[in-house]
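I record here what I looked up in this structure, entry by entry.

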Amino acid sequence: MSLSTIPSKHAALFFIILRKNVIFSSFFRRNISILKFNFSHQFREEKKNVPRCPSPSSPSVACFRLTIRGDTSDNAVLCTFDKTYELKQAITSNSLLLAPDLLLPTQIPDGDAENESITVRSVKVFSAIHDYVEARPIQPRLRRIKELLQRRLFSTDGSAAAASAARADDKVTLDSLLNGVQASQAEIVAYLEKIEAFVIDGSWTLLDFDYTTTVLEHVLDLIDENSWSSDCIPLEEVVDTLESIHRREVLRHVCRVFGHLEQDETHFGLNKSRVCRHYGELILRSAGRMHLGEFLECWQQSAPKPMTTSLDDLQGLFLIEETNVSKLIEYFSLDQLSENIDERMALLFKKKARWTMSEIKCYVDDLAEDAASLITLISKHSRSYLENGQRYFCLKK
């Protein structure tokens, strides 16, 4: 059996068919019904593909609607509400027959149990199919969303890009993302939350990084002026006080990103780890590369007091290079990497010859479904060895 990828523009219409080996009734009963096949004069070798979907017992494929997504240049993917599957064309030696009004064994009446009888039913076969489409679970291809939104960043009082995005024909809505992104609706919504996107003027957008810093500093200054506890900050009072400087939607968004709402949603507490991450990224973006000790000192001084910084807060944003003299830290974001696993692993090992599991994990996590598949993925593209009790991964040669 051979497999090949199905281009989106050639994705075939799905047909419900039955294998020919299920059309016979049981021959262990006294009353036997036989289906006699007659090939129609309209019979043809069918070139359309038949889907083979995951088991219907799976929660993600039971009682669902299937959607094929992808631009003309993409390979087609099949989406349920919360899962994404790649479509692979498979050729099989077991031909499938298309026949209307086919009766299954359970649909054939038993007849008179005392008398043996044989019933012959004629069935016309209109087509034979020799291949099918197999649906295999994959990680959704979501990078396109961030690339799209980064061209429409919202900045101070609405930049030109944001104003352009506000036009009805240029808005990024959930429907437009569903039409252009190869992922399920649930996966798209989860990714929008992950990248901290929000809706303003009816369009999804991202805040410009520098503008985010400005809004965050205004919020932190207001908290300090009012001596509010960092764990209980009145949300509406923050919005009402600063709305003359920033839009209310932007203020609420920043408070949600850098805080956690209380149950009644009237107060929020600062997420200290998220605030420290932002200031650490701000320094790394500006410096690009610097001595680790100098960075740690500068970072701690820039973070709001009494927050304590930790490199754990910067996972997926930096690399550390050890030299004979000192350690250097360099800005290296996950966003710089390709969604193609081969290209990504090649760049990672070009950037750094060896990695520990904790270092490389955050750069490949998004390509793996779970911990087991993550280990498999890393092992496939690297070899490991122990040195002084520490396991390292390096490129296979």
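**Entry 1: a helix pair**

I noted that α8 and α9 are oblique to each other, in a model that is predicted. The reason lies in the angle: helix α8 (residues 272–287) and helix α9 (residues 292–302) pack at about 130°, and an angle counts as roughly antiparallel only when over 145 degrees, as roughly perpendicular from 65 to 115. I also noted that the axes of α8 and α9 are 9 Å apart. I then looked up the handedness, and α8 passes α9 in a right-handed crossing.

Which residues make the contact? I listed C276, Y279, G280, I283 and L284 on the α8 side, and F295, C298, W299 and S302 on the α9 side. By class, I found 7 nonpolar and 2 polar residues in the contact of α8 with α9, and no charged ones.

**Entry 2: aromatic pairs**

How many aromatic pairs does the structure hold? I found 5. One that I looked up is formed by F154 and Y211, with 6.4 Å from centre to centre and 45° between the planes, a tilted arrangement. F154 lies in the loop between α1 (143–149) and α2 (160–165), and Y211 in helix α5 (residues 209–225), so the pair ties together parts that are 57 residues apart in sequence.

Are these two residues buried or exposed? I recorded F154 as buried because its relative accessibility is 3%, the cut-off being under 20%. Y211 is buried as well, with a relative accessible area of 3%.

**Entry 3: a ring cluster**

Lastly, I looked up F332, W355 and Y363, which ring pairs link into a cluster.

Technical notes:
Residues are numbered from 1 along each chain as its sequence is written. This is a predicted model: local features need pLDDT of at least 70, side-chain atom pairs count only at pLDDT 80 or more; totals for chains, interfaces and linings use all residues. Side-chain values use heavy atoms; hydrogens and water are left out. Axes are lines fitted to C-alpha atoms, for helices over the stretch in contact, and angles run from 0 to 180 degrees between N-to-C directions. Helices (H or I, at least four residues) and strands (E, at least two) are DSSP runs, numbered from the N terminus. Angles under 35 degrees count as roughly parallel, over 145 as roughly antiparallel, 65 to 115 as roughly perpendicular and the rest as oblique. A crossing is left-handed if the near helix is turned anticlockwise from the far one by less than a right angle, and right-handed if clockwise. Contact means heavy atoms within 4.5 Å. Ala, Val, Leu, Ile, Met, Phe, Trp, Tyr, Cys and Pro count as nonpolar, Asp, Glu, Lys and Arg as charged, and the others, Gly among them, as polar. Rings of Phe, Tyr and Trp (its six-membered ring) pair if their centres lie within 6.5 Å; planes under 30 degrees apart count as stacked, over 60 as edge-to-face and the rest as tilted. Buried means under 20% relative accessible area, exposed over 50%, partly exposed in between (1.4 Å probe, protein chains only).
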